[in-house]
Amino acid sequence: MNYVSTRGRAPVLGFDDALLSGLARDGGLYVPEWWPQLGPEVWELPADAPYAEVATRVMRPFLGATIDEDTFAAIVAAAYATFDHPEVCPLVPLSRGTHLLELFHGPTLAFKDVAMQVLGRLFDYVLQRRGERLTIVGATSGDTGSAAIEACRDRDALDIFILHPAGRVSEVQRRLMTTVDSVNVHNIAVEGTFDDCQDLVKAMFNDEAFRDQLRLSAVNSINWARIMVQVVYYVTAARALGAPGREVAFSVPSGNFGNAFAGFVARQMGVPIRQLIIGSNRNDILTRWLESGAMEITEVHATTSPAMDIQVSSNVERLLFELSGRDGEWVADQMARFRDERWVDFGPDVHGSLREVFDGARFEDDAVARVIAATLEHTGVLVDPHTAISLAAASVCQRDPSVPMVSMATAHPAKFPDEVEAATGIRPGLPERLDDLFDREEHVVTLPNDLRTIQHHVYQHARGVHS
């Protein structure tokens with residue numbers, strides 16, 4: 001299996017090089033040359049097969065000859081041994097025809113752990129085998145950063161720098177990042193928005209001299225391996241609901257579009273997904289795109305669902321590559337226009353293909369609070385604001401009530417205790433292992449939204465440069 005850039009101008013890479021590179025040198029994102037199809041090795045597994053076994057079989061075709069099967073199985077098993085629930089990503093009936101896919105049972109209580117715990121171990125394996133080291137830089141709107149830090153902490157071959165928007169993540173989200181006391185972990189609070197943080201990361205990758213000197217790599221969902229691992233829980237949920245002989249629909253609260261694109265990949269691989277629903281908050285670039293066919297960058301608003309406070313959804317580029325018939329030149333032109341003009345209409349053919357499977361809806365904070373309260377009243381289940389948006393979008397966008405609907409529960413309610421308490425009067429508690437989170441010392445530096453300042457800080461603190 002080889003990997004190609006969505007912009008068609010970067011070298012074709014094997015899995016290990018695509019893993020370590022993250023962003024392609026032409027500014028594009030790596031995707032597989034072809035989509036493997038799921039066969040009996042997945043569909044005919046026993047219903048009670050361990051999550052790690054299903055995961056190994058789903059992901060194995062993407063690895064090529066990079067990692068032998070036994071080694072990869074051990075990596076995946078070790079990753080999911082860190083989760084609090086034996087099923088890893090349990091599917092929980094919520095009401096007639098509706099299920100919650102709980103993705104928050106990992107170390108940092110968010111769906112990002114599902115991929116990050118595997119990704120950190122893949123980095124470690126490949127780097128040790130090569131005798132190399134990397135500097136990881138990433139941007140987070142709240143959850144990616146803590147999951148990446150937890151997966152990469154204390155690893156000798158890695159330094160990790162995570163940028164988050166100062167004052168725009170919840171206190172629990174921030175502390176899960178900043179209270180990690182490890183020599184290879186560096187937190188940077190940027191005086192700006194998540195999109196500013198993401199632009200800074202992309203700019204560092206596009207500075208080829210800086211990128212090469214520090215051996216930069218990415219843990220954001222621009223890294224293909226993140227998407228690869230997230231495909232698995234679409235497969236396990238569909239299996240539990242009768243696939244491949246029965247269709248299923250998914251509702252995803254989406255900001256950077258990585259989780260939703262993983263669902264599209266699962267569909268490309270043969271999972272019978274009838275519908276993919278995108279839930280947005282006030283930062284609704286994705287739902288506006290679904291409605292009109294045009295994407296336009298507007299102001300980023302702070303909401304009660306901060307992981308979705310985004311106006312530039314990076315993984316849309318991967319979807320455009322597929323919907324355009326893998327036309328890298330066209331994608332490169334469209335992305336350049338979008339960057340320069342902050343608006344682009346991708347045309348009726350792309351919009352028509354998009355709407356074959358995708359629907360979407362947006363919700364303001366007051367509506368989200370009502371859904372949190374109603375979910376507790378009617379089901380006894382406490383959900384966080386992002387999960388509430390998933391449930392709300394499912395309720396208004398479902399095309400066929402006979403098709404089971406799976407809503408993604410992407411974060412533990414205790415990550416957003418103020419918002420949940422305001423909606424329900426109940427303040428969710430953290431798991432016992434995090435009881436002392438608010439007593440731990442924080443390790444973070446606040447820096448301006450300035451590329452040279454950020455680069456200087458990274459250069460000064462990356463061990464690989466000074467060793």
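This is a predicted model: local features need pLDDT of at least 70, side-chain atom pairs count only at pLDDT 80 or more; totals for chains, interfaces and linings use all residues.

**Entry 1**

I began with Asp284, which sits in the loop between strand S11 (273–280) and helix H12 (285–292). Helices (H or I, at least four residues) and strands (E, at least two) are DSSP runs, numbered from the N terminus. Residues are numbered from 1 along each chain as its sequence is written, and side-chain values use heavy atoms, with hydrogens and water left out.

Is Asp284 buried or exposed? I found it buried, because its relative accessible area is 10%; buried means under 20%, exposed over 50% and partly exposed in between, with a 1.4 Å probe and protein chains only.

Next I asked which residues Asp284 touches, not counting residues up to four places away in sequence. They are Gln311 and Arg362, where contact means heavy atoms within 4.5 Å. With Arg362 the side chain of Asp284 makes a side-chain polar contact of 2.5 Å. A polar contact is a pair of N or O atoms within 3.5 Å; within protein, one must be able to donate a hydrogen and the other to accept it, and residues adjacent in sequence count only if both atoms are side-chain atoms.

**Entry 2: Salt bridges**

I looked up how many salt bridges there are, and the count is 36. The rule asks for a side-chain nitrogen of Lys or Arg within 4 Å of a carboxyl oxygen of Asp or Glu.

I noted one between Asp212 and Arg25, at 2.5 Å from N to O. Asp212 is in helix H9 (residues 208–214) and Arg25 in the loop between helix H1 (15–21) and strand S3 (30–32), so this pair links distant parts of the chain, 187 residues apart. Asp212 is partly exposed at 39% relative accessibility, and Arg25 is also partly exposed, at 38%.

Then I turned to Arg399 and Asp359, whose closest N and O atoms are 2.5 Å apart in a salt bridge. Arg399 lies in the loop between helix H17 (385–397) and strand S15 (405–409) and Asp359 in strand S14 (residues 358–362), so the pair ties together parts 40 residues apart in sequence. Arg399 is partly exposed at 35%, whereas Asp359 is buried at 9%.

I also wrote down a network of salt bridges that links Asp16, Asp17, Arg129, Arg130, Glu132 and Arg215.

**Entry 3: Aromatic rings**

My search of the whole structure gave 13 aromatic pairs. Rings of Phe, Tyr and Trp (its six-membered ring) pair if their centres lie within 6.5 Å; planes under 30 degrees apart count as stacked, over 60 as edge-to-face and the rest as tilted.

Why is the pair of Trp289 and Phe346 edge-to-face? Their planes stand at 75°, with the ring centres 6.0 Å apart. Trp289 is in helix H12 and Phe346 in the loop between strand S13 (343–345) and helix H15 (348–355), 57 residues apart. Both residues, Trp289 and Phe346, are buried.

I listed one aromatic cluster too, formed by Tyr3, Phe15, Trp35, Phe62 and Trp224.
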